[in-house]
Every structure is written in structure tokens, then in C-alpha cells.
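I am opening a notebook on this structure and will set down, step by step, what I looked up in it. The sequence and the model come before the entries.

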Amino acid sequence: MSNVYLPITVDHIARVEGKGGVEIVVGDDGVKEVRLNIIEGPRFFEAITVGKKLEEALAVYPRICSFCSAAHKLTAVEAAEKAMGFAPREEIQTLREVLYIGDMIESHVLHLYLLVLPDYLGYSNPLKMVDEYKKEIGIALDLKNLGSWMMDELGSRAIHQENVVLGGFGKLPGKNTLELMKRRLREALPKTEYTFELFSKLEQYGEVEGPITHLAVKPRGDVYGIYGDYISASDGTEFPSEGYKEHIKEFVVEHSFAKHSHYHRKPFMVGAISRVVNHADKLYGRAKELYESHKDLLRPTNPFANNLAQALELVYFTERAIDLIDEALAKWPIRPRDEVEIKDGFGVSTTEAPRGILVYALEVKDGRVAYADIITPTAFNLAMMEEHVRMMAEKHYNDDPERLKLLAEMVVRAYDPCISCSVHVARL
Amino acid sequence: MENGKVRIGFYALTSCYGCQLQFAMMDEILQLLPRAEIVCWFMVERDSYEDEPVDIAFIEGSVSTEEEVELVKRIRENAKIVVAVGSCAAHGGVQSWEKDKPIEELWKAVYGNATVKFRPKPAKPVEEYIKVDYRIYGCPPEKKDFLYALGTFLVGSWPEDIDYPVCVECRINGHPCILIEKGEPCLGPVTRAGCDARCPGFGIACIGCRGAIGYDVAWFDSLARTFKEKGLTKEEILERMKIFNAHNPKLEEMVDKVFQEVKE
């Protein structure tokens, strides 16, 4: 008779956004089952916004997530504008990207320094690193403050931005503020490079090495970036964003308030590493050089490479934001907003949120939301994440359970999951 | 308090984690550390203990599962001071927007006929289940709200609620009035100040994220009358006011009153 032992569980994974747990069931012949329990309660964002005025729904969507509220706001607004056949002026789009980059910088920095680094340095809590790692904490705070400040200026605040509206912005910062933003970004560049160097030295565990299918939004204009109308897969296929449902299937699993997703019947990954894997040829500047010299670490076959890919993006997006601000300044003065004629229609926006592809599909009828489908990166990643935790568990189930727990958590943290995002924001 | 250190717990229910993020992002948190011991704060501390005694328990999020009902009760037993943090904990949050729709209907719209092994409940403010001593408002709260509350606790005092509307700060800043000059349905007149009228400063109408002013001085009826004069229907007015105030016991009654006046 084969025995099944009490599962090894982490009820509440620390240092991730949201509330989730890991459960590893071990029997005599090894790991029987691995479950990522997503226990945070449902918030039914799609259901509660259907029938509501578009502007009010657009104010509520960012509240899905604090770490990437700007991503939610900007993607929702683009979907709504597409539904009504409106395209923002080029300079408005440019400044929206700068705002999005502010979110990217803040989110990556918080993930890398606050959530990931303590594991590698042997701390339970990043705040305890202050005395020993003054420089690192200083850099983390500076970069985080830069990202937050960019969101303050362009989005009204760092969490739950209200300044992005249909047709543009409520108000734009002055020319001097944008000049100052450029200067601060330039000053931040060495700190982003230091971050990249630091994370290039951290172990990427061989236990979870194996083939991964990566999905990422194909950036517009052939420059590595955030907005796009096609999704590319690392298997070489490409499909228009509107067709996401034909390729990505969502399903409910009983241990999770968040749905799982398969691409062509298999788990897949999204996130910084997926962007790098699929679109490294579109990088430029210092990030391009760093990619070339660290290709082996930024490989497609290990989820831990996501940490370094985020560090690479810190370098890239800091440089990119400077160029984008220059583009905007060349068109100064900029009118903040155009009137958007409220029309019926359906629009899909796919952008690259800090954690990967974010999908908003909105139908607008009489100025109200008639249909909403939102799929978040973490929901895409859950199935693959579970696979990788299983791979880790298969190698370590005989070790000290505390060691196994830490390693399992580290796999989860490498994905930078955003559990608040993943929960219940998808519709069947 | 042990060794002169105040024992702090930061607990999350169903939310976006924005209140904790705001708390964690205060540069001043490093100054607080020498005076505090973090007993439970899963977002930053791996060695977190949910069921340990604390001096101050900060709770973020709405109560949205059976498990969370149990959790808040345990937190109450273990804490000297319980603080409901942010719009979800204090008022039920945006997930309460459709509080009158049966949860089965919401569930079906999102999950279809599938079930999961945890038990969801309609979103409610923490105070529906346990006694709350203080509240920090906002979606998210301002950093200074945290500093003020913590500062008062550390000197043995307590934070006072702001009892005036966003309009006061809006006037002080000299922003053009969104309601009168732009004719948009700004909720500033009924919403608790403390945000320095940020959104009106960007030319954006307030959506009430800090919740209605307390002490029964949120005049939903007067504002509803103004909205009505601008052509909004009762449903439209309630919809907007409910985004952050769905659980306010006075709201519907006061708006009803305005629309009953017409019939007479």
C-alpha cells in the first residue's frame, strides 16, 4: 500500500502581491500533486462594471491592482477608445507610454529589491537589510521614488491614477517638469546598471530548467515596448490581439479563485523574460549591449531568468523614457485632451504590464460598458508556475521541508505574481 | 509594548494591496523601524505570525470570504488597537459597488457554473464583523494619513477624522470648480478631505475615493439636487455615489428624498 503524507504547505506566501499558498502532496513514490491555492476573495470586476457608465468603470478598473494600476488604467482606456474608433494623438500616446514606464520602473524595483533579493541575502524582510546593504536599499528607494514621481506627474498619483481620461489627460505637466524628468532618468541610469550587475550574479536554479513557451505583445513600430496589436509566441506563431480567445483558453480549477490559462492546450509564460525572449532584437542602447553579453543568463528555459530580465528592462525603459520625453518635447506645447465622440463598439487592447500581457476587451453601448473581459498576466502564468513549483519539489521533497518551502516560494516569486490581479477578473 | 517597541501587524483581506504598498513606500518607514516590531506583514516579512498579539493591527481589504470573517475575529482578539485601512476595510471598497446584486449572480457572470473549494461572500467593511477603533481613509490613503495615525499612536494619542469636504481643500488651492464651472458630477462636496483635492487639481471630477464625510455631515441630498438640475437621473446619481459609499446607511434615503419632492 502506498502512503500519502501530510502535505507540505505554505498557507500564505510572503513577499508577493496578494494572498496565495502552496501545497505539495508527497507520497512514497515522490511528489503526487502541487497546488497553488489562490485564496484571496473574488471581486467580480467585470460583473460589477457591466451596465455602468464608461468613465466610472474606467475609474474603477485600476483598483484591480496597486502594483500595476497605471497598466490597468491605460489598457482599459485604450480598449474603450478603440471600441469608439478613436486613436489618441501621437504625442499623447508618447506621454502615456512614459507614464506606463513609471509603473514599470516602480513595479520592477519593488519586486527585485523588496520581494526577491532578501531570499538571496538570507533575510526574511527587506527592511532588515538597511544596515548591511545601505547602498542597495538606497538605490531601490531612489529608483522606486523616480517611478512613483513619474506617475504622480503624469497620472496624478502612484497608485490608482485618475489623470488618464478618454482622449488624453486631464492635465499635463509643464515643460520644465518634463525636462526635470529627463534629468532624473539620466541620473538613474547608473543605478539601473548596478541593479543589472547585482541580479546577474544571483543563482538561477537548474532544477526548473526546461522548455517554456513564451507569449508577449509584439511592440508597435518595431521598437521594444509596451503597446501592440499582435501577440507573438516563442514557437514562431503570431496572432492579432482580438483573436486572443481562439488561442488562449481559460478554465476554472477548484483550488483557486483565479482561473488558469492554456495556450494551444499547454501552460505558457508571460512577463519580462517572455518579452526579452520574443523581442530582444527590438532592444537598443545600453540594454542591447547588456543583453548580448548576458544572453546565456537571459535564456528562455528558466523562470528565474525573469528576475534578470526585469533588471535589464530597468536599464532599457529608463533610456527609452528619455527618448520618448524628447519626442514629446519636440511637439510642445501639447493640448492635453481631445473630445472623444461616444459611440457603440467593441475594442481589445493588449499591453505589456510589468508582469506580462494584460488584455482588456470592452464593448461600449450608449456610453456604458456592455461587456468586459479582463485577463491579467498572473492568470496566464498560474498553470506554468504550478509546473515549475512541481519541478522544484520533485528534486527536493526529501530535503528539510523548510528548505523545500523556501525554494518553492522562490520559484513563485520569480514570476512576480500579482494575485489581486489574477483573482476573478476573468469571464467565461 | 515590549522593549519599548510597538508591535505592529498589517493584515490583508480582499483588496488590491495598495494600502500596504503605500505604507511600504513611505521613506519614513525606515525611521519607524527602530521603534517597531513587525509581527505580521506578509507583503514584506516572511516570518509573519497571523495569530500573535499586537499593539496595533492595520487591516486592509473588504471581508469577502468565510475565511476572512474568521481572520478578522482572531485579529480583534489579538490586537489592542484595530485600524481599518483604506476604502475597502472602512467602507467595503469598489467591490461593493453592486452590493445589492446577489453574489450568485456575480459568481455566475465571472465563473459560470464552476466551483472552487473556498467560500466567497458579498464584500463588506471590516466593521460589519468586529469593532474597529480607528479608520484611515482613501483609495489609497495618502502617505501622510499613515504618518499622522502612527505618530499619534506612538505618543499615546489617536488620529482624529477629518470632518470637512474635499471642496475646502479645492478652494484653498484655487482650482476651478468642476461642479459649477465645468458642470461635471464632482463628488467633492460629500467626500472627506485630506487628499488636497488632487483630482480637481488635474481637472478631474472627484469620484469619492476617501468616502463620505463622517459625523452625518455628508449632504447627499443637496448634491443630488444639484446633479438632478444638471439632468442626471436618480439611478445615475446613486450609481456614482455608490462607487465608494455603497454601504452608507444614509445614502439611498437622502437621494430618494430629493426625487420624491418632485412628485408632490
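**Entry 1: where the chains meet.** I began with the interface, and the area buried between chain B and chain A comes to about 5,800 Å², with carbon and sulfur atoms giving 64% of that area. Buried area here is the accessible area (1.4 Å probe) that two parts lose on being put together, summed over both. Counting contacts, meaning heavy atoms within 4.5 Å, I find 63 residues of chain B touching 79 residues of chain A.

**Entry 2: how to read my notes.** This is a predicted model, in which local features need pLDDT of at least 70 and side-chain atom pairs count only at pLDDT 80 or more, while totals for chains, interfaces and linings use all residues. Residues are numbered from 1 along each chain as its sequence is written, chains are lettered from A and ligands numbered from 1 in the order in which they are written, and side-chain values use heavy atoms, with hydrogens and water left out.

**Entry 3: the largest pocket.** I next asked which residues lie nearest the centre of the largest pocket. They are A:Val10, A:Asp11, A:His12, B:Phe42 and B:Glu50, out of 29 lining residues. The elements that give two or more residues to this lining are strand E1 (8-10), strand E2 (20-27) and helix H12 (401-414) of chain A together with helix H3 (66-78) of chain B. Of these, H3(B) gives the most, with 5 residues. Helices (H or I, at least four residues) and strands (E, at least two) are DSSP runs, numbered from the N terminus. The pocket holds about 750 Å³ of space, and by class its lining has 8 nonpolar, 6 polar and 15 charged residues. For the classes, Ala, Val, Leu, Ile, Met, Phe, Trp, Tyr, Cys and Pro count as nonpolar, Asp, Glu, Lys and Arg as charged, and the others, Gly among them, as polar.

On a 1 Å grid over the protein atoms alone, a pocket is an open set of points with protein on both sides within 12 Å along at least five of seven lines, a cavity is a set where a 1.4 Å probe fits but cannot get out, and lining residues have an atom within 4 Å of a point. Grid points are joined across faces, edges and corners, and a volume is the space filled by probe spheres set on the points.

Entry 4: The largest cavity has a volume of about 240 Å³, and of the 18 residues that line it, the closest to its centre are A:Leu114, A:Leu127, A:Ala140, A:Leu141 and B:Ala24. Its lining has 16 nonpolar, no polar and 2 charged residues.

**Entry 5: the sheet of chain B.** I found 5 strands forming an open sheet in the order E2-E1-E3-E5-E7 (chain B), with parallel pairing; two strands pair if DSSP finds at least two bridges between them. The edge strands are E2 (36-40) and E7 (134-136) of chain B, each of which pairs on one side only. The twist averages 30 degrees from one strand to the next. Within this sheet, 5 bridges join strand E1 (residues 6-12) of chain B to strand E3 (residues 54-60) of chain B, and B:Phe10 has B:Phe58 in E3(B) as its bridge partner. H1(B) packs on the sheet, touching E1, E3 and strand E5 (79-85) of chain B, and its direction makes about 145 degrees with that of E1(B). Axes are lines fitted to C-alpha atoms, for helices over the stretch in contact, and angles run from 0 to 180 degrees between N-to-C directions.

**Entry 6: a sheet of chain A.** Here 4 strands form an open sheet in the order E7-E12-E13-E14 (chain A), and the pairing is antiparallel. A total of 7 bridges join strand E13 (residues 356-365) of chain A to E14(A), where A:Leu362 stands opposite A:Ala372.

**Entry 7: backbone details.** The peptide bond from A:Trp332 to A:Pro333 is cis, with omega near -5 degrees.
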